[in-house]
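Subject: The structure you asked about

Hi there,

Here is the structure, ready for you to open alongside this email. Have a look at it first, and then read on for what turned up.

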Amino acid sequence: MKALKFLAFLILPLTVSISFTQRGLWVYLPLVVFFVLVPLMEFLFKPDKSNFDTTQEAKEKENPIYTWILYLTVPVQLLYLYWFVLSIQEPGLSSSEFVGRIFAMGLMCGVIGINVGHELGHRNNRFDEFLGEILLLSSLNTHFLPYHNAGHHLNVATPKDAATARRGEVVYLFWFRSHFQSYWQAWQAENKRLVASGRPAFHWQNRMLIYTLCNVVLLGLIFYFLGTTVLFAFVAASIVGILLLETVNYIEHYGLLRKQNSRGRYERVKRTHSWNSDHVIGKLMLFNLSRHSDHHYNGSKHYQLLKTLPESPQMPTGYPGMMLLALFPPLWFNLMNKKLRELN
């Protein structure tokens, strides 16, 4: 039963189903649920600060249901991507309905495609990683894995990291800096990995070469078989998903920095270098992503085992609410800069 609560992610595809089958304002239901109802409901439920004890942790670590729930997201994401392609071609669709369905699919790309792709990409077996690559390809964000594992986890909470938002940085500028800098760092990470193993940078085992080819082939097939309109809609939905990812990146490490010693070396990543949230609904829908400090402390730890600890800085509400707040920089700075001063 502890594992089945993570089926809460199905709330999103359920609302997206309504977006894909209804007209008018109903197409915006996923946005309303995720960014209005969920943030409001977060205030009604007390944050869950409970952790597994040692015995429970050992038991839940071996529980395969947690992994099977992740596997379930793959056919769900692919099915909805196919459904999106059909729904976006529906005759008589207004411009507003067209845009609404793009945002609905964009939420799927961000919450399932990229978020679950991230979780599977941390697994130490090729099958899980491959499923993660499929999910990330469905959101045109395949460079995430080389950058995230070899760059972000290494350089988090330092100026070197693309995905660490600097104090006073506006989220809209951060979107561009983080995305394009992380793309470049993904190439650097792969080139470095291959050269270190005695192979040339442009080798067939360079994942960025393979990922780039897969993206081009996917876009080419969509254009060839479905035309310009569907291609535009898919790219736009992927951009929405990527912007959701970058907004999450923004709130996860905003203003937090690791200390340097006299030789310029950074201290080890601690649980104080990520913002946490134990608000229940967002935590379940995002597979414990909001327990981010423990994830960075031990990147290989499976999502169900992530802990909350008192030293981890806490957000005042869940991820959906904080993402919404980040879109209003004066309000964000007023709240979060004050919390940063309290940490020092």
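Is Ser 17 buried or exposed? Ser 17 has a relative accessibility of 14%, and because the cut-off for buried is under 20%, Ser 17 counts as buried. Please keep in mind as you read that this is a predicted model.

**Helix α1**

Ser 17 belongs to helix α1, which covers residues 11-21. Its side chain has a polar atom 2.8 Å from the backbone oxygen of Pro 13. The side chain of Ser 17 also makes a polar contact of 2.5 Å with the side chain of Tyr 80. If you set aside neighbours within four places in sequence, Ser 17 is in contact with Tyr 80 and Trp 83.

Ser 19 sits in helix α1 too. With a relative accessibility of 0%, Ser 19 counts as buried. Again leaving aside neighbours within four places in sequence, Ser 19 is in contact with Trp 26, Val 27, Pro 30, Gly 100, Arg 101 and Ala 104. Ser 19 and Phe 84 are 65 residues apart along the chain, and their C-alpha atoms are separated by 9.7 Å.

**His 279 and its surroundings**

His 279 is in the loop between α10 (228-253) and α11. Its relative accessibility is 8%, so His 279 counts as buried. The side chain of His 279 has a polar contact of 3.1 Å with the side chain of Ser 277, and the His 279 side chain reaches the backbone oxygen of Pro 316 at 3.4 Å. Beyond neighbours within four places in sequence, His 279 is in contact with Glu 42, Pro 47, Met 315, Pro 316, Thr 317 and Gly 318.

**Two helices that cross**

Two packed helices are described by the angle between their axes and the distance between the axes. Helix α13 (residues 319-326) and helix α14 (residues 329-343) have axes that come within 7 Å and cross at roughly 120 degrees. On the α13 side, the contact is made by Met 322, Leu 325 and Ala 326, and on the α14 side by Pro 329, Leu 331, Trp 332, Leu 335 and Met 336. Sorted by type, the residues of this contact are 8 nonpolar, no polar and no charged.

**The cysteines**

How many disulfides are there? The count comes to 0 disulfides. Cys 109 is buried, with a relative accessible area of 0%, whereas Cys 214 is partly exposed, with a relative accessible area of 32%.

**Positive phi angles in two loops**

Leu 140 has a phi near 55 degrees, a positive value in a residue other than glycine. You will find Leu 140 in the loop between α6 (126-137) and α7 (144-155). Its relative accessibility is 18%, so Leu 140 counts as buried.

Asn 288 also has a positive phi, near 65 degrees, in a residue other than glycine. Asn 288 is in the loop between α11 (280-285) and α12 (292-297). With a relative accessible area of 3%, Asn 288 is buried.

**Leu 226**

Finally, a look at helix α9 (residues 207-226), where Leu 226 lies. With a relative accessibility of 34%, Leu 226 counts as partly exposed. Not counting residues up to four places away in sequence, Leu 226 touches Val 85, Gln 89 and Leu 221. Leu 226 and Gln 89 are 137 residues apart in sequence, and 9.3 Å apart in space from C-alpha to C-alpha.

Notes: Residues numbered from 1 in each chain as written. Predicted model: local features only at pLDDT ≥ 70, side-chain atom pairs only at ≥ 80, totals over all residues. Heavy atoms only, no water. Helix = DSSP H or I, 4+ residues; strand = E, 2+ residues; numbered from the N terminus. Buried < 20%, exposed > 50% of the residue type's maximum accessible area, 1.4 Å probe, protein only. Contact = heavy atoms within 4.5 Å. Axes fitted to C-alpha atoms, helices over the stretch in contact; angles between N-to-C directions. Nonpolar A, V, L, I, M, F, W, Y, C, P; charged D, E, K, R; others polar. Polar contact = N/O pair within 3.5 Å; in protein donor to acceptor, adjacent residues only side chain to side chain. Disulfide = S-S within 2.5 Å.
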